[in-house]
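Work through the exercises below with the sequence and the model open beside you. Try each task before reading its solution.

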Amino acid sequence: MKLFDPELEDEWLIPEPIVSDFSLQSFFTLSVQEIGSLLTLLDDAIDKIVPLMDSADDDDNIKKFTALWEPFVEQNNWSSSVIIQLNFYAKMCHASWLTPTDDHSNSDNWRSSFANHIYPLEKLIEVRELIDNLKHPRIVTYRIEKYLEQINPVAFEVAYQAFNTIVQALPQKKLHEDHSRWLEFLMMPWKTMLREAEYDDESFKKRFYSLYSYERVAKHIFREPAYSMYDVMRACCEGLISENELYKQVLIGKHNRYFLNELFCSRAEEYVKESKLGRIRDNILQSLMDTELESSDYPTDASYLLIHMQDVEGMQNWIRIIALLGDDLHHYYYKDQKFSTDISTKREMLIHLFRHINSASGDDPVLLRQLIQQYDISQGQLLDAVMFQPRWSTIIEDYLEWPTMADAVELMNLYAYWPPERWLEEEDDIRKFRDVYTGLGEVRFRALLESAARKIGSGNFSNYTSLKLRIDAVLGQLDMKLVTASLLNDRSKEHLFVYSVMPISMDMAIADLYDRYVVINRFRNESDPSDSSNFADDSKAADTAMNLLAECAGYANATRFIWHMESVKKDGADPVIDVSQMIIELERSMESQDPLTIDELNVLWRNPPSQVLLRSILFRNGHVAGLLDLDKGCVRALDGEGAPITALESIVVEHPYYLLENSLLDGWKSRLREMGITQPFEQVQRDIFLNKMCAGADEFFIDTFLNKTVRLKVMLDLLNNHFWKNEKENTCKLFQMFGVKATIETKYNPHVDEDKTSLTLKRLYFESCTTGERIALEQVPSVVISETLRDLYKITEIQCLISP
């Protein structure tokens, strides 16, 4: 299929752009002193609002800048010429990596003379020093560049004349690759200004024309083109260049690999779909794919273009590649995982394409059925392919009519590569596995599992036995006695982990859990302490196994699970309690108001060190808050009266907010002080924050902490110790018993911290854990607000705030 004529050229692009009698030297009218005065005025004005801003890109701050800028320009009578000159110097300031004369050698004196003829180089160096010495150099130059938008027609015309004047003055015969940095230095400010000041279709046409002419002069110098693929696409869509020219640029031009990559990347998708470029792109892809797939065993010209395409589409191409690879996909997939420049065989090229092909519009089960018949693809080949590329699983599930197949593919891939501590990252992972097994049935499930095993084995990440072991454990298809013997006798950590996720006996749940609890502790205790590295690994593995078992059994965490298991201990020995973990858990349960059972408290009470601590903590039994006395079976109130505890009751660690609400807080502070009691965590001495202490942006958001900037590492350490987690760009904390999630919006502030070692706190809001809807502040439980604000004040008070 012939797509274009390589000899044909669009006539209007052949002549050079027409420029007027334009002199750059006469354009630079401002003296260094005048420039310094103007920049200082702006720097001082900006300094007044910087403490109020977060980022110059935010809408709110743009309004602040606009309110400052427009009267500032009017008051100081800045003309268009002044703005454009300052813009030029601002851009050259950004190019501080290049000193104007450091690329000039004695053998190339013509470059120094040419640059001095074009620009006032000595003035440029002086102005750059002036900018560097400003209080806010980055913001000053940024605002000058942004203001260009308001004088676009004038700025564009100046940039157009200056750019083309320099291009046409260049001595083409003297230029070569070593001059690339020098040439970029000369052209950069006007090339950038052309793009920024473009304001309509006609100015785009002139910019494209200018860059095309520049490319013709300098195409043997630069690795990247003067214009982007988006410029080429727009020019084609607007009829400025022919389809023939676009094909030439993409397929045989010097920058064709760059253009192909841009044309086929996901960023161009919407632009392509809305224009005739979709047809052009399909033609290019099919022509390249036909050339490649019908070629011999060696790379072709098409190969070196295809490897630079990020996103290739089309089920037909994907199926053709599967057919060519045959039954050996799993042998080649990881073996031939190379960088594009290393691809030397057709097989490697096919694997590269197989990795990058996505579905296109029109790809559906009906087309898939036709392609499978046409290319004689077996079910085994199809399952192997979808296991390697799960993004095709939904279409293939519909074609095979295998319900839950897509979920099975996803879960098998996750379980194969996730470490054990992530197996239950989602609450319903085990339920999902059992659901997909039921949906697929034994035969289909095992067929998928074999494909997963081939994928894992070929990549050397794991093996079939390991994945099968994990899945069989979840499905309850392992022998408990054999697994127990393996983890104790052979000290198999793999068997230790699957031991925890095997189904729990419904009729003897407590006995089953206790037996496993004993076995995990036995694995830990039988580790050889003389081998420090192995001992640490065994201890970590036992902790992971205990966490998995607690989560499978439905406990809040491993600490609560251990307490329960110690309460049903069969040997009559004293309970073994980790006091430090107990303190952490009691404080957590106070924050979340998570109740404790009488059995849990009894087992803690039987441990002498933990009993001492329990006697110093205030608990609530029903409506009575006081000190715990399990010897008398009661909670003793401030007046000394005891409220009896029944065996079926749950006890809550009292939050001081409720003591304050009931006017008991000061009394308990005095009582504990008289008794000489120091509590193991802050309870009666805890900071309490009320709703009315918040600065609310509206009914949903608290902006008390707006623009507070804190060091990232210290913040994360503090949040991790207070049960916060990072979710995407925000920081969140769950209050499970209240069904509320607190979220702090955070943001990096480039004007304060270029290295991203600090965060700026934005708004705080609350959501429902069940619906995800925001909760009005007045409806958020008071304890939740108090605990959230306490954590935030700890963060912002413990550290030195960084002033923007």
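Helices (H or I, at least four residues) and strands (E, at least two) are DSSP runs, numbered from the N terminus. The model is predicted, so local features need pLDDT of at least 70 and side-chain atom pairs count only at pLDDT 80 or more, while totals for chains, interfaces and linings use all residues. Residues are numbered from 1 along each chain as its sequence is written, and side-chain values use heavy atoms, with hydrogens and water left out.

**Exercise 1.** Describe the lining of the second largest pocket and find which helix gives the most to this lining.

Solution. Begin with the term: on a 1 Å grid over the protein atoms alone, a pocket is an open set of points where a 1.4 Å probe fits, with protein on both sides within 12 Å along at least five of seven lines, and lining residues have an atom within 4 Å of a point. The second largest pocket has a volume of about 610 Å³, a volume being the space filled by probe spheres set on the points, which are joined across faces, edges and corners. Next, list the lining, which has 22 residues, with Tyr 517, Asn 521, Arg 524, Met 546 and Ile 562 nearest the centre. Two or more lining residues come from each of helix 29 (509–525), helix 30 (532–552), helix 31 (558–567) and helix 32 (579–592). Of these, helix 29 gives the most, with seven residues.

**Exercise 2.** Trace how strand 5 pairs with strand 4 and with strand 6.

Solution. Two strands pair if DSSP finds at least two bridges between them. Strand 4 (residues 618–621) runs antiparallel to strand 5 and is joined to it by four bridges, with Asn 621 opposite Val 624. The two strands form a hairpin with two residues between them, and Gly 622 in the turn has a positive phi of about 70°. On to strand 6 (residues 634–636), which is antiparallel to strand 5 and joined to it by three bridges; here Leu 628 has Val 635 as its bridge partner. Four residues lie between the strands of this hairpin, where Gly 633 takes a positive phi near 65°.

**Exercise 3.** Is strand 5 mostly covered or mostly uncovered?

Solution. Buried means under 20% relative accessible area, exposed over 50%, and partly exposed in between, with a 1.4 Å probe and protein chains only. Strand 5 (residues 624–629) is mostly covered, since five of its six residues are buried.
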